[in-house]
Amino acid sequence: MASFTQAAIKEAFLKLLNQRPLNQITIKDIVEDCGINRNSFYYHFEDLPALVEELVAEQVQALLQKHPTVSSVEECADAVIELVMENRRAVYHIYHSLSRDVFERHLMDGCGSIVSTYLKTEFAGKPIDPADLDALIRLHKCACFGSVIDWLNGGMKDDIADYFRRVCALQKSGLEHLEH
């Protein structure tokens with residue numbers, strides 16, 4: 001019963017977060033939406049920031065479990081975009097709230113895990129200095145994270161999937177595409 005109530009709280013919160021900004025959501029709104037009392041909420045979560053933390057961490061963990069292997073840079077980008085796009089408005093509302101740091105921390109961890117999985121597979125059995133592999137992981141993790149943050153700061157207007165595909169194409173073929 002406890003996990004059912006906890007899931008109902010998260011579902012109600014996510015629904016509300018897809019409708020309005022975080023600072024316009026109260027615990028009262030959540031408990032009314034899922035038909036429980038305030039004490040039940042506080043049994044599962046200390047406060048709204050604790051709920052945000054758990055929800056974001058859970059979403060990133062689910063993404064990583066869904067993509068245990070990654071075979072291309074495009075697949076890395078697609079996985080991160082998938083995380084953001086599933087609840088686009090909720091992500092936007094969390095990003096533009098006092099809980100922004102929670103989102104950023106988990107996004108960076110998710111980008112790092114996805115990129116690390118890909119690069120370690122790509123370079124498996126090849127002679128590469130571990131420090132060089134770590135540098136590549138860090139570079140691509142930060143590029144992925146920075147691109148998503150830049151997109152969020154721009155109001156999520158552009159098609160970020162197209163952007164990542166273009167970046168991947170440019171990386172594969174070098175700058176020869178720019179000469180056309």
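Biologist: Hi! Before we dig in, what kind of model is this?

Modeller: This is a predicted model, where local features need pLDDT of at least 70 and side-chain atom pairs count only at pLDDT 80 or more, while totals for chains, interfaces and linings use all residues. Residues are numbered from 1 along each chain as its sequence is written, and side-chain values use heavy atoms, with hydrogens and water left out.

Biologist: Thanks. How many helices and strands are there in the chain?

Modeller: The chain has nine helices and zero strands. Along the sequence the pattern reads α-α-α-α-α-α-α-α-α. Helices (H or I, at least four residues) and strands (E, at least two) are DSSP runs, numbered from the N terminus.

Biologist: And what box do the C-alpha atoms fill?

Modeller: Roughly 60 × 35 × 20 Å, taken along the principal axes.

Biologist: What share of the residues counts as buried?

Modeller: Of the 180 residues of the chain, 39% do. Buried means under 20% relative accessible area, exposed over 50% and partly exposed in between, with a 1.4 Å probe and protein chains only.

Biologist: What about contacts between residues at least 6 apart in sequence: what share joins residues at least 24 apart?

Modeller: That share is 62%. Contact means heavy atoms within 4.5 Å.

Biologist: Let's talk packing. At what angle do H7 and H8 pack?

Modeller: Helix H7 (residues 100-122) and helix H8 (residues 130-153) pack at about 140°, and their axes are 8 Å apart. Axes are lines fitted to C-alpha atoms, for helices over the stretch in contact, and angles run from 0 to 180 degrees between N-to-C directions. H7 and H8 are therefore oblique to each other. Angles under 35 degrees count as roughly parallel, over 145 as roughly antiparallel, 65 to 115 as roughly perpendicular and the rest as oblique.

Biologist: Is the crossing of H7 and H8 left-handed or right-handed?

Modeller: The crossing of H7 and H8 is right-handed. A crossing is left-handed if the near helix is turned anticlockwise from the far one by less than a right angle, and right-handed if clockwise.

Biologist: Which residues make that contact?

Modeller: H7 contributes residues including Phe 103, Leu 107, Cys 111 and Val 115, and H8 contributes residues including Leu 136, His 140, Phe 145 and Ile 149. By class, the contact of H7 with H8 has 15 nonpolar, four polar and four charged residues. Ala, Val, Leu, Ile, Met, Phe, Trp, Tyr, Cys and Pro count as nonpolar, Asp, Glu, Lys and Arg as charged, and the others, Gly among them, as polar.

Biologist: Where does H6 come in?

Modeller: Helix H6 (residues 88-95) crosses H7 at roughly 120°, and the two axes come within 7 Å. That makes H6 oblique to H7. Val 91, Ile 94 and Tyr 95 of H6 meet Arg 100, Phe 103 and Glu 104 of H7.

Biologist: How do H6 and H8 pack?

Modeller: Their angle is about 90°, with axes 11 Å apart, and that makes H6 roughly perpendicular to H8. Here Arg 88, Val 91, Tyr 92 and Tyr 95 in H6 meet Ile 149, Trp 151, Leu 152 and Asn 153 in H8. The contact of H6 with H8 divides into six nonpolar residues, one polar and one charged.

Biologist: How many aromatic pairs does the structure hold?

Modeller: Three. One of them is Phe 41 with Tyr 42, edge-to-face at 5.3 Å centre to centre and 90° between the planes. Ring pairs link Phe 41, Tyr 42 and Phe 45 into a cluster.

Biologist: Last one: what is the phi of Met 156?

Modeller: Met 156 has a positive phi of about 60°, although it is not a glycine. Met 156 sits in the loop between H8 and helix H9 (160-173), and its 3% relative accessibility counts as buried.

Definitions and conventions:
Rings of Phe, Tyr and Trp (its six-membered ring) pair if their centres lie within 6.5 Å; planes under 30 degrees apart count as stacked, over 60 as edge-to-face and the rest as tilted.
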